[in-house]
Amino acid sequence: MPASPSTARAMNDRLALRHLQQEGPLTAAQLKQLTGLSRPTVADLVERLTAAGLISVVGEAGEQRRGPNAKLYGIVADRAHLAALDVRTEGVAVVVSDLVGRVLAEGSAPIAGEAGTGPAVEQAVALVERSAKEAGAGELHTVGIGAPGLIDPATGELRDSTGLPAWHRRLVAALQERLPAARVSVENETNLAALAEQRDGAARDRDTFVLLWLGHGTGAAVVLDGSLRRGASGGTGEIGFLPVPGTGALPAATDCAGGFHSLAGSQAVAELAGQHGVTATPTGGEPPAAALVRAAVRTGTGAAGRFLDTLADRIAIGAASVVAVLDPGCVVLGGEVGRAGGDALARRVEERLRRLSPLPTEIRPSALGGAAVLRGALLTARDRAQEELFATGER
């Protein structure tokens, strides 16, 4: 059946808003060209969206094109303010942005393990509130959180996980209580990193790929046909528990020691570097394992080269298991270690993977590294806020 007039208007409005989101400010003539709609239809939707407070005139297209079609329309950026959090075992980082994703404030704070759950939660919430105040945000519309651990697909909540701080689970509820007007959600950190790499990073030309997270912990995010796959219990990609040769033990349901984590987690990487005599002094807050890999890449030969070769052997074991099951065609080495290894480590892993698997697979280094989690959380918060606000504009 043909769409009703109101449904057609809603679809046209959403189409125009998506083009403004992707392209930035546009004239009515440019909207007409991009949407394929008629000039009167574009004029009507521009009037509706302006009246709804979703778009406004932000400039002109040029001196030579004065008149209605020369006006540049853009999304009203301060219609909503967003926050994104990257929650780690040792601290939290926050960014606050406007509706189009422009960062207005950012901050981070270490949180000591011995602080206790209550004080740790208070530190994190206070950081969000300070950052929002610095950004000039009266109130936050949407808050996106990236955290390690499993997300319950039925409730959307962070599940209780052995080895992770208790304050992680308490943080979501505390933020919702202190920011009652905000929509607060949490997502696994590796999944968010994959979304960021797909949108802005190493996988922009891929709708099917796997991100192999190499940082404090190990994990994988699976994107198939453009969609992030979470699994029946939210555990897709828990590759740290993958039984692998070379660890001398097997993982348990409550402890990934003996699994792939024991080969490629940050502690294992640091120990492997020590065995090869590779040393480095971290700077600018870079994790020690990433600094060691970066130093080895910089040297490239001798003991440093042998360290990278052995590390690539280990990573290829995990990558081969993922490739055998999913055949993604592309694996991105994410996290701080993946980015630090760059092309040198990715090339070594790809060479070894060719010997382990008959399935052609490109190995790429992360373009975003550890920053991918925060970027993914911000992109997710922006998408959710725009989805709601754009829908509000349809009524």
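Buried means under 20% relative accessible area, exposed means over 50%, and partly exposed lies in between, using a 1.4 Å probe and protein chains only. Keep that scale at hand for this tour of a predicted model, in which local features need pLDDT of at least 70, side-chain atom pairs count only at pLDDT 80 or more, and totals for chains, interfaces and linings use all residues. Residues are numbered from 1 along each chain as its sequence is written, and side-chain values use heavy atoms, with hydrogens and water left out.

Select R48, which counts as partly exposed at 26% relative accessibility. Helices here are DSSP runs of H or I with at least four residues, strands are runs of E with at least two, and both are numbered from the N terminus. A salt bridge needs a side-chain nitrogen of Lys or Arg within 4 Å of a carboxyl oxygen of Asp or Glu. By this rule the count comes to 22 salt bridges.

**Stop two: along helix α1**

Stay on helix α1 (residues 5-23) and pick H19. Is H19 buried or exposed? With a relative accessible area of 14%, H19 is buried. Leaving aside residues up to four places away in sequence, H19 touches G24, L26, L31, L34 and T35, where a contact means heavy atoms within 4.5 Å.

Next, select R18, partly exposed at 22% relative accessible area, together with E387, also partly exposed, at 39%. The side chains of E387 and R18 meet in a salt bridge of 2.8 Å, N to O. Because E387 lies in helix α12 (residues 371-394) and R18 in helix α1, the pair ties together parts that are 369 residues apart in sequence.

**Stop three: E336 and R88**

Jump to E336 and R88, whose side chains meet in a salt bridge at 3.2 Å, N to O. Which elements does this pair link? E336 belongs to helix α11 (residues 335-356) and R88 to strand β4 (residues 81-88), 248 residues apart. Both E336 and R88 are buried.

**Last stop: a network**

Finish by selecting D309, D313, R348, E351 and R352 at once: salt bridges that share partners join them into one network.
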